[in-house]
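This report covers the overall fold, the charged side-chain pairs and a few selected residues. Please have the model open while reading.

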Amino acid sequence: MTDSNRPEKRRLSVFGMLLILPAISGAQQLPPVAQQMAKHPKTDAVSYEAKDKEGKPVQVKYQRSQIDSQSDLVKGQIDPGFVNDQYWLLLPLHVAWDGATVTDEGMHETPLAKTSAQKIVVKYAASGYSPGDTWDLYVGPDKRVVEMTYHRAVPAPKLPNLVNAKWEGYKKAGPLLFSTEHHGTADGNPFELTFTDVAVKLKGSKDWINAQ
């Protein structure tokens, strides 16, 4: 979850997003609507390209299953940032991947637009990346997330504890559909997060597919 309560616009170039996180074996039986939101990729590789504070290019490739063997830059900055941002980009897929408790709460009014949508509650265990946190996903008739509410289980002084955000600006790259625009509130303050330059490379292909 983003660590700013101020209005913000964040830009992220995403590479290799089909190549994240293995499916969880032995996971609970998901509600049908949750199954319809996600399909499982097969590997656990991350490619990162950016510039450091001095403007020098940084290129890193690593397996998240081998994160302990990576540099302090990867462990302290690149991977935590990647995890935060890819949750925003791929949260519907994590419903199927992470082994969290998922329940279908039926039709509810969305917090921001005040329209009717199917509410899926995703609650994490008291350990791992999102210990005890709860994500309420509001799913429209086309099985796309239209809004989200994030509840932090343990209040944190420098992190938002309650976030309401719309999921808009949907674009498709290959078989994946991404919401690239998120607007709403973080602890009552205006919140904005956007993704640009999203692309997907399918396994076995040499070409990137830009999200359109």
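Which residue forms a salt bridge with R64, and how far apart are the closest N and O atoms? The partner is D79, and the closest N and O atoms of the pair are 3.0 Å apart. The two residues belong to distant parts of the chain, 15 residues apart: R64 sits in the loop between β2 (57–63) and α2 (72–97), while D79 is in helix α2. The model is a predicted one.

## Overall fold

The secondary structure consists of 2 helices and 11 strands. Along the sequence, these elements come in the pattern α-β-β-α-β-β-β-β-β-β-β-β-β.

Of the 212 residues in the protein, 42% are buried. Taking contacts between residues at least 6 apart in sequence, 45% join residues at least 24 apart.

## Salt bridges

Side chains of opposite charge can pair when their charged atoms come close. The structure holds 2 salt bridges. In the pair of R64 and D79, the acidic residue D79 is buried, with a relative accessible area of 9%.

The side chains of D142 and R144 also form a salt bridge, with an N to O distance of 3.7 Å. D142 is partly exposed at a relative accessible area of 48%, and R144 is partly exposed at 32%.

K119 is in strand β4, which spans residues 116–123.

Leaving aside residues up to four places away in sequence, K119 touches T103, D104, E105, G106, H108, D136, L137 and Y138.

## N210 in strand β11

N210 is located in strand β11, residues 209–210. Which residues does N210 touch, not counting those up to four places away in sequence? They are K172, A173, V198 and A199.

N210 can also be placed relative to D197: the two are 13 residues apart in sequence, and their C-alpha atoms are 7.2 Å apart in space.

Terms used
Residues are numbered from 1 along each chain as its sequence is written. This is a predicted model: local features need pLDDT of at least 70, side-chain atom pairs count only at pLDDT 80 or more; totals for chains, interfaces and linings use all residues. Side-chain values use heavy atoms; hydrogens and water are left out. Helices (H or I, at least four residues) and strands (E, at least two) are DSSP runs, numbered from the N terminus. Contact means heavy atoms within 4.5 Å. Buried means under 20% relative accessible area, exposed over 50%, partly exposed in between (1.4 Å probe, protein chains only). A salt bridge is a side-chain nitrogen of Lys or Arg within 4 Å of a carboxyl oxygen of Asp or Glu.
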